[in-house]
Amino acid sequence: MITTELVFVRHGEAQCNADGLVGGPRTCTGLTNRGYAQVAQVTRRLAEEHRDRPFDALYAGPRLRLRQTGEIISQALRIPLTTDVRLEGPVHGDADGRPWAEVKTTADGGPHAHPDTSWALGSDTWNGYLERAGAYLAQLIDEHEGDRVLFAAHGETVIAAHTLLLGLPPGSPAGFTITHASVTCWQHHRNRLDQRRWILDRHNDTSHQALPAREAAS
C-alpha cells in the first residue's frame, strides 16, 4: 500500500528564465504570460486528481515564481498554501541577476560541473545545496508521514528529492530534466511484510501540456 505521497510541480516559466538570467531573490519578478498558461494547464490536471485523491497539504518556496504558481493551485484546489523557507532554491550570491551564459563561462560550467566549488562569490556549492535541501525535505517528509503532499517547487528541489530518495552519492555525474510546470511523484510503499521503500511513480510528466487547446480550456 501507498503511505506517503510527494507530488512536485515545477513552477511555470518565469521572466528570469525567458531572459536567461540567474533568478535569485533580487531578480525573480514572477511568471511570464506563458508561465501562467502552463500553470493553468497543470492545475486543471491536479484538480482532477484532487477530486479522486485529495491532497493534504500544499507548499511553495519563497521566491515569487513559486508563490505565484502555488497561489494558482491553492485557489483552484481550495487548499491553503504554506510558504516555507526550507524549499528555497540555491543561493546564487553575486551571480543573482547576471546572465547564466556569463556565469557558466566564468565558472567553467554550471553548478553541477564542479559540485564542490561555488559558481560565484557567495553562492552555494552544488553538493552543499543538495545536502541542505535534502535535509529540509527529510524534515517535511517526517512531518507529513501518511499524507499526500503537493509542492510548487524549483527544478533543483526535484533533483534534491531524487538525490535523497535514491541515495545518490555526492557529485553524481547523472542528471534529470525538469520542465516548467511538469509533475514528478514519489510514493512511499509498505508491503504486507511491513517492508518499506520509496518508488518514483512519475518524473517530468508533461502530458497535460499536450492537450488540444479546446480540451485544455474546458
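**Helix α3**

I checked the length of helix α3 (residues 64–77) first: at 1.5 Å a residue its 14 residues should span 20 Å, and the end C-alpha atoms are 20 Å apart, which agrees. The expected span is 1.5 Å times one less than the number of residues. Helices (H or I, at least four residues) and strands (E, at least two) are DSSP runs, numbered from the N terminus.

I note that this is a predicted model, where local features need pLDDT of at least 70, side-chain atom pairs count only at pLDDT 80 or more, and totals for chains, interfaces and linings use all residues. Residues are numbered from 1 along each chain as its sequence is written, and side-chain values use heavy atoms, with hydrogens and water left out.

Next I looked up burial in α3. Arg65, Leu66, Gln68, Thr69, Gly70, Ile73, Ser74 and Leu77 are buried. Buried means under 20% relative accessible area, exposed over 50%, partly exposed in between (1.4 Å probe, protein chains only). The cover over these residues includes α1 (15–19), α2 (33–52), β2 (57–60), β3 (81–83) and β4 (148–153).

**Positive phi**

Most residues other than glycine have a negative phi. I found Arg78 with a positive phi of about 60°, although it is not a glycine. Arg78 sits in the loop between α3 and β3. Arg78 is exposed, at 77% relative accessible area.

Asn204 also went into the notebook: its phi is positive, about 50°, and it is not a glycine. Asn204 is in strand β6 (residues 196–205). Asn204 counts as buried, at 16% relative accessibility.

**Arg63**

I then turned to the loop between β2 and α3, where Arg63 is found. Arg63 counts as buried, at 5% relative accessibility. A polar atom of the Arg63 side chain lies 3.2 Å from the backbone oxygen of Gly23. I listed the contacts of Arg63 (heavy atoms within 4.5 Å), leaving aside neighbours within four places in sequence: Gly23, Gly24, Pro25, Glu88, Gly89, Pro90, His92 and His154.

**Nonpolar cores**

A nonpolar core here is a set of buried Ala, Val, Leu, Ile, Met, Phe, Trp, Tyr and Cys residues joined through side-chain atoms within 4.5 Å. The largest has 22 residues, and Leu6, Phe8, Tyr59 and Phe151 have the most contacts inside it. β1 (2–10), β2, α5 (126–143), β4 and α6 (155–166) each supply at least two residues of this core. α5 gives the largest share, seven residues. Apart from this core lies another, of 14 residues, among them Val9, Leu46, Phe55 and Leu58.

Not counting residues up to four places away in sequence, Leu6 touches Ile141, Val149, Phe151, Leu165, Thr184, Cys185, Trp186 and Trp198.

Methods
A polar contact is a pair of N or O atoms within 3.5 Å; within protein, one must be able to donate a hydrogen and the other to accept it, and residues adjacent in sequence count only if both atoms are side-chain atoms.
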